[in-house]
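Subject: Structure handover

Hello,

Here is the structure I said I would pass on. My notes on it follow below.

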Amino acid sequence: MEMTIEILGNTFKIMYVDLSKEDLCGDCDVNKRLIRISTAISAEEQVSTLFHECIHAALGLAGINNLFSEEIEEAVVCCIENAFHKSVKLTPKSL
Ligand SMILES: [Zn+2]
């Protein structure tokens, strides 16, 4: 299943793949405009992970991720995710 989502005017491809071997719920490659979401987690976790990875994408596109360490970026992203993921509706588009 492949979908796309617009982030700061950029189209990211969303791929749903089994990431259990990499021990990941998802990841984001800003240069490739690619977000991967694991099929090994629940549908609810996939939704919050997509939101999480979109926040990483936005910080990466804006260059804000360069202002702090990976550890602090993760803390910032998790905070925004937890604060808003239930009230923000992401609208991926099917390819
Ligand atoms: Zn993260």
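Helices (H or I, at least four residues) and strands (E, at least two) are taken as DSSP runs and numbered from the N terminus. The model is a predicted one: local features need pLDDT of at least 70, side-chain atom pairs count only at pLDDT 80 or more, and totals for chains, interfaces and linings use all residues. Residue numbers start from 1 along each chain as its sequence is written.

Overall fold

The protein chain has two helices and five strands, and along the sequence they come in the pattern β-β-β-β-α-α-β. Its radius of gyration, taken over C-alpha atoms, is 13 Å, close to the 12 Å from the globule rule for 95 residues, so the chain is as compact as a globular protein of that length. The globule rule is 2.2 Å times the number of residues to the power 0.38. The C-alpha trace spans about 35 × 30 × 25 Å along its principal axes.

Two residues are in contact if their C-beta atoms, placed from the backbone, lie within 7 Å. Among contacts between residues at least 6 apart in sequence, 44% join residues at least 24 apart. A residue is buried if 20 or more other C-beta atoms lie within 10 Å of its own, exposed if 12 or fewer, and partly exposed in between. Of the 95 residues, 22% count as buried.

Core

A nonpolar core is a set of buried Ala, Val, Leu, Ile, Met, Phe, Trp, Tyr and Cys residues joined through C-beta atoms within 7 Å. The largest one has 13 residues, and those with the most contacts inside it are F12, I14, I35, L50, C54, I55 and A57. Two or more residues each come from β2, β4 and α1 (43-62). The most come from α1, which gives six.

Helix pair

How do α1 and α2 pack, and at what angle? The angle between α1 and α2 (residues 70-84) is about 130°, and their axes are 9 Å apart. Axes here are lines fitted to C-alpha atoms, for helices over the stretch in contact, and angles run from 0 to 180 degrees between N-to-C directions. The angle makes α1 oblique to α2; under 35 degrees counts as roughly parallel, over 145 as roughly antiparallel, 65 to 115 as roughly perpendicular and the rest as oblique. On the α1 side, S48, F51, H52, I55, H56 and L59 meet E73, V77, I80 and E81 of α2.

Loops

The loop between β2 (10-17) and β3 (26-29) holds C25. E22 is exposed, because it has 12 C-beta neighbours inside 10 Å. C25 is partly exposed, since 19 other C-beta atoms lie within 10 Å. Leaving aside neighbours within four places in sequence, C25 is in contact with S38, I41, E45 and T49.

R33 sits in the loop between β3 and β4 (34-38). R33 has a positive phi of about 55° although it is not a glycine, and with 16 C-beta neighbours inside 10 Å it counts as partly exposed.

Regards
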